[in-house]
Every structure is written in structure tokens, then in C-alpha cells.
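Here is a short briefing for a reader who is new to this structure. Look over the sequence and the model, then read on.

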Amino acid sequence: MSTIEVNKITPVSGGTTVQVGESGDTINIPAGATIANAGTSTGFGDSLRPNAQALIINGSMEISQRGTSFTSNGYQLDRWSFDESTDGAVTVTQDSTVPSGQGFGKSIKFDVTTADGTLAANQYCQWTQFFEGQNLQLLKYGTSSAENLTLAFWVRSNKTGTYCMRFVKEAGGQTRYECPIEYSISSSDTWEKKIINLSPTAGSTTFITNSAGAIVNSNASGYRIAWILASGSDFNSGTNNTWTATSDRLGTTNQVNFLDNTSNELYITGVQLEVGEYTSSTIPPFQHESYADNLLRCERYYQVVGSGTRADNLMYFYAYNFDGTSTMFGAYNFRKEMRTGPSIDQTSGTNYYTFKCNNAADDFDGVNGFRGGIAGGEFYLSGGSSVGSSSAGQAGVVMGKNASSHVALVAEL
Amino acid sequence: MFENCIIKYQRAPDNPSNDKDCILVTYPTKEDGSYKTLIVPINNENTDYQAIQKWVADGNTIQEAD
């Protein structure tokens with residue numbers, strides 16, 4: 001075997017491509033050698049991610065444990081929080097309109113039902129995912145090695161124009177930093193894939209690379225990403241693609257008012273967040289996951305204990321009569337460890353639940369107490385309703401008795 | 001967030017001296033007779049508890065347990 005020792009191989013004059021070998025040849029890279037890439041590599045299969053699981057949870061919009069249509073602020077589709085303060089109104093639904101050929105089955109739809117064509121200064125509308133700080137330590141914020149981020153998503157709307165993303169590094173005991181980044185919806189009623197790059201030094205700032213830029217390393221909210229749909233003048237003073245230390249810079253003055261007409265609707269799906277800087281041609285594919293895997297990740301924040309509408313889930317939890325009269329306790333092990341000790345979200349009403357014990361049943365409107373940790377807890381009913389068909393110490397089950405009966409655990413950010 | 005809600009501490013049935021076992025938030029009754037309740041732990045990491053603390057800081061008061 002002969003050896004050629006050179007430092008550089010370049011194309012002949014006028015050319016741009018260097019070829020090594022011929023079709024069918026094998027190009028060997030010896031053990032211990034490194035291929036260093038400072039440019040763009042293609043044809044090596046999927047790009048590698050430093051994060052094994054998707055950083056965005058429920059980016060496919062498949063999981064919606066709270067229902068499929070919403071008119072109030074708060075968490076709606078799992079992990080996604082909607083918040084609007086305008087004089088208008090938006091109905092949010094889980095929808096089956098999706099970009100063709102991308103493998104998605106669901107999207108989220110925002111439908112303006114009451115218009116607000118003139119926003120007051122303090123009015124806004126945004127849609128957000130919050131992240132536990134401990135899940136984003138790989139971003140290395142707070143150091144000079146802080147990573148670039150790339151956000152990708154599919155969007156479709158009849159309301160074209162400039163929209164803003166809002167990236168927020170939560171204070172976490174230090175300082176909150178925000179960075180708005182504009183993007184455009186160019187074609188009416190057409191699915192478009194958007195790629196948003198965020199540098200830790202956007203706007204030539206050093207907020208994120210200094211120590212106060214660190215993301216809190218705990219189960220508290222450390223970061224959030226929001227889609228701005230409208231922002232009044234109090235909230236649109238951000239500078240595009242520039243980190244700032246001032247809170248509530250939701251967007252820029254270029255942000256459209258999505259709520260200005262009742263014909264406006266907007267769909268989003270396929271949200272992915274990648275560590276590194278990617279383009280539309282280099283972004284790794286969306287990490288599709290099974291419904292069960294997706295649900296399991298969502299259940300760290302919201303778990304349905306029982307719902308009257310689920311025929312296979314009529315038993316909510318085991319319980320026992322505590323004092324022979326009106327006090328009942330019921331134990332419940334969570335299906336997945338939750339972010340923190342949860343609240344109980346319950347739909348109550350006259351005789352919405354029943355305690356079956358001792359060959360009898362005592363109906364009640366709803367439990368009124370709960371205490372527990374991150375892995376399990378104890379419901380209780382005390383005072384008012386009778387559970388006297390049983391004796392103290394006798395055990396039974398609590399079941400939903402109304403189609404609207406619903407008990408869930410909530411540990412959202 | 002808590003407009004027209006009744007917000008009240010709950011007493012532990014098995015330890016009556018603990019009159020702040022959790023907080024029961026009862027939302028207004030809807031037309032169909034149903035109503036939402038939120039049972040909130042005394043837990044600073046819980047965002048519902050954080051919201052109640054903010055509600056208290058705004059000048060409101062949690063009712064004592066029965």
C-alpha cells in the first residue's frame with residue numbers, strides 16, 4: 001500500500017467537489033481516528049441529539065386528558081397552557097387538521113370567537129410550555145459553553161404576518177431573561193414548517209453566559225417557550241432576537257393581532273426543541289413516540305384518577321370507613337411519580353360518587369380532602385355526607401356515579 | 001383565578017388539632033348543578049398553592065376549618 005502525505009486536497013480549478021474512491025469502494029476510517037465536522041454533513045442518517053427524549057412534551061398534540069375543547073385560560077391539551085387577557089375570546093380545541101405526510105394525527109387549533117380589534121396596553125394572548133429546570137441543565141446556561149437552541153414547529157393560519165416566539169429563562173432565584181424572536185406566516189391556510197434559532201448571546205448580550213443566566217436545577221419552572229398571538233403595547237417592547245433582563249417582553253411591535261377577526265384560526269403541531277443550531281435541511285426529524293409513552297410523560301404533571309366517562313375506569317380508589325359515620329379514607333398509588341405533591345382537580349355534584357361497602361352504597365358529592373407526596377396519597381371525605389352503611393374499619397371502593405364525575409391529580413408548572 | 005370561589009382550610013379527620021391539613025377551593029355551581037373543587041396541599045412547590053398565596057397577598061383570606 002502506498003501512502004500520500006498531504007495537508008489539504010482541493011478541487012481542480014473551477015470545481016467544488018472532491019471525490020474519494022469509486023462506487024463500490026470501501027473508505028476505511030482507522031480505529032482511534034476522529035472525523036471532525038465544522039460544517040454541514042449530509043447522508044450520514046439522522047443527526048444525533050444530545051437529548052435522548054424530546055425536550056418538548058406532547059409536541060404532537062396527541063394527549064388531551066382534560067377534554068378536547070376549551071374556552072377558559074389554563075392548561076388544556078397536556079403540558080400546554082393558554083393565557084389570554086383581551087376583550088375577545090378564543091376557543092381552543094384538539095384538532096385532526098395536520099400537515100400532510102409528516103406522521104402527525106393531531107394539532108391544536110385556536111379559533112377566535114369574539115374579536116378584539118384594538119388591544120389595550122395590558123392585553124395579550126399567548127400559548128406556553130413550561131420546563132422543569134432540572135430537565136434543561138444540558139443547555140449549560142450560566143456558562144460560556146451555553147448551547148444554541150433550535151425550535152421547529154408546523155403552523156397554519158389564515159392570519160398571515162409577523163408573529164413572535166417568547167423564550168424565557170426563569171429567574172430561579174436570580175434574574176429572569178427574555179428573548180423574543182419573530183417569524184412569519186407567509187401563506188394563508190397553508191401548513192408551514194418554522195425553524196427558529198436561539199443563540200445564548202442573541203443581540204450580542206452576555207446575560208445567558210454569565211452566572212445569573214443559569215437555569216435553576218430543580219423541579220421548579222426553569223424555562224418557558226411561548227407562542228404570542230397578540231400583545232398590547234405594555235408587552236411588545238422587546239427587540240427581535242435580543243436577550244433582555246426585563247420581564248414580560250412578550251413580543252415586538254411587529255406582532256400581529258390574531259384576535260382582530262372572528263374568521264381567524266391558527267393550528268400548530270409537531271413542536272420540537274433541539275440543542276444546537278439547525279436549518280430546515282439539517283434539523284433532525286420529529287421524535288414520534290407511542291401514545292402510551294407520550295401519556296406517561298404527561299402524567300408527571302396531570303393524572304386522571306377516574307372519570308365517569310371512562311367505562312373501564314369506574315373504580316376510582318379503595319377506601320375504608322374511618323369512624324362508622326361520616327368519615328372515609330381512601331389510598332391511591334400514582335401511576336407515575338409526579339413533579340411535586342399534587343392538587344386534586346375534581347368535578348362534584350349531587351351524588352356524583354358512591355362508596356360501595358358492606359353490600360351497600362353511600363352516595364356523596366365529592367371528597368373534600370387529600371394529602372400525599374409525589375408517589376401516592378390519601379383521599380378523605382369528612383363531615384356532611386354519611387358513609388354509615390358500613391362500620392368503622394370496613395373497606396370498599398369509591399366509584400364515579402355520574403358521567404361528569406372526574407378526579408385528577410395536578411402538579412403542573 | 002379564584003373569582004367567586006370559597007377557599008377554606010380542611011381539618012384532618014384523624015388529627016383534629018391539625019386544622020390546616022389542606023385547602024379546599026370550591027368554584028361556583030354551573031347551570032347543570034356541577035361544580036369544580038380543587039384540593040390544594042400546603043406545599044410551596046405546588047403552583048396552585050403558590051396561586052393561593054398570591055391571592056392572599058392581594059388581600060384575601062382563607063377561611064378557617066370547621
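The points below go topic by topic.

This is a predicted model. Chain A and chain B meet in a contact that takes 27 residues from chain A and 22 residues from chain B. Over all chains, the structure holds 22 salt bridges.

**Chain B on its own**

- Chain B has 66 residues, and 45% of them count as buried.
- Its C-alpha trace spans about 35 × 25 × 20 Å along the principal axes.
- Chain B holds 1 helix and 3 strands. From the N terminus on, the order is β-β-β-α.
- E1(B) pairs with E2(B) in the antiparallel sense, over 5 bridges. Within that pairing, Ile7(B) has Val25(B) in E2(B) as its bridge partner.
- Take the contacts in chain B between residues at least 6 apart in sequence: 33% of them join residues at least 24 apart.

**Where the two chains meet**

- Chain B and chain A bury about 1,900 Å² between them, and 43% of that is on carbon and sulfur atoms.
- In chain B, the residues that lose the most area to chain A are Pro13(B), Tyr35(B) and Ile39(B). Together they make up 30% of what that side buries.
- There are 16 residue pairs in polar contact between chain B and chain A, counting pairs with both residues at pLDDT 80 or more.
- Three elements of chain B each supply at least two residues of the side that touches chain A: strand E2 (22–26), strand E3 (35–40) and helix H1 (47–57).
- E3(B) gives the largest share of that side, with 6 residues.
- By class, the side of chain B that touches chain A has 9 nonpolar, 7 polar and 6 charged residues.
- The count of salt bridges between chain B and chain A is 2. One of them joins the side chains of Arg371(A) and Asp14(B), at 2.6 Å from N to O.
- Strands also pair across the two chains. Strand E16 of chain A (residues 343–348) runs antiparallel to E3(B), joined by 5 bridges.
- In this pairing, Ser348(A) has Tyr35(B) in E3(B) as its bridge partner.

**Salt bridges within chain A**

- Glu265(A) forms a salt bridge with Lys109(A), and the closest N and O atoms are 3.7 Å apart. This pair links distant parts of the chain, 156 residues apart: Glu265(A) is in strand E12 and Lys109(A) is in strand E5.
- Glu265(A) counts as partly exposed because its relative accessibility is 22%. Lys109(A) counts as buried, at 16%.
- Glu132(A) forms a salt bridge with Arg300(A), the closest N and O atoms being 2.7 Å apart. Here 168 residues separate the partners: Glu132(A) is in strand E6, and Arg300(A) is in the loop between helix H1 and strand E13 of chain A.
- Both ends of this pair count as buried: Glu132(A) has a relative accessible area of 1%, and Arg300(A) is at 18%.
- The side chains of Lys140(A) and Glu147(A) also meet in a salt bridge, at 2.7 Å from N to O. Lys140(A) is partly exposed at 37%, and Glu147(A) is partly exposed at 21%.
- A network of salt bridges links Arg166(A), Glu170(A), Arg176(A), Glu178(A), Arg224(A) and Asp248(A).

**Strands E8 and E9 of chain A**

- E8(A) and E9(A) pair in the antiparallel sense over 9 bridges. Cys164(A) stands opposite Glu182(A) in E9(A).
- Strand E9 of chain A (residues 177–185) is largely enclosed by the rest of the structure, because 7 of its 9 residues are buried.

**Two threonines in loops of chain A**

- Thr160(A) lies in the loop between strand E7 (149–157) and strand E8 (161–169) of chain A. Thr160(A) is partly exposed, with a relative accessible area of 33%.
- Beyond its neighbours within four places in sequence, Thr160(A) is in contact with Ile185(A), Ser186(A), Ser187(A), Ser188(A) and Val256(A).
- Thr209(A) lies in the loop between strand E10 (192–198) and strand E11 (221–231) of chain A. Thr209(A) is buried, with a relative accessible area of 18%.
- The side chain of Thr209(A) reaches the backbone oxygen of Thr206(A) at 3.3 Å.
- Leaving out residues up to four places away in sequence, Thr209(A) touches several residues, including Gly142(A), Ser144(A) and Pro200(A).

Definitions and conventions. Residues numbered from 1 in each chain as written. Chains lettered and ligands numbered in written order. Predicted model: local features only at pLDDT ≥ 70, side-chain atom pairs only at ≥ 80, totals over all residues. Heavy atoms only, no water. Contact = heavy atoms within 4.5 Å. Buried area = accessible area lost by both parts, 1.4 Å probe. Salt bridge = Lys/Arg side-chain N within 4 Å of Asp/Glu carboxyl O. Polar contact = N/O pair within 3.5 Å; in protein donor to acceptor, adjacent residues only side chain to side chain. Helix = DSSP H or I, 4+ residues; strand = E, 2+ residues; numbered from the N terminus. Nonpolar A, V, L, I, M, F, W, Y, C, P; charged D, E, K, R; others polar. Pairing = 2+ DSSP bridges. Buried < 20%, exposed > 50% of the residue type's maximum accessible area, 1.4 Å probe, protein only.
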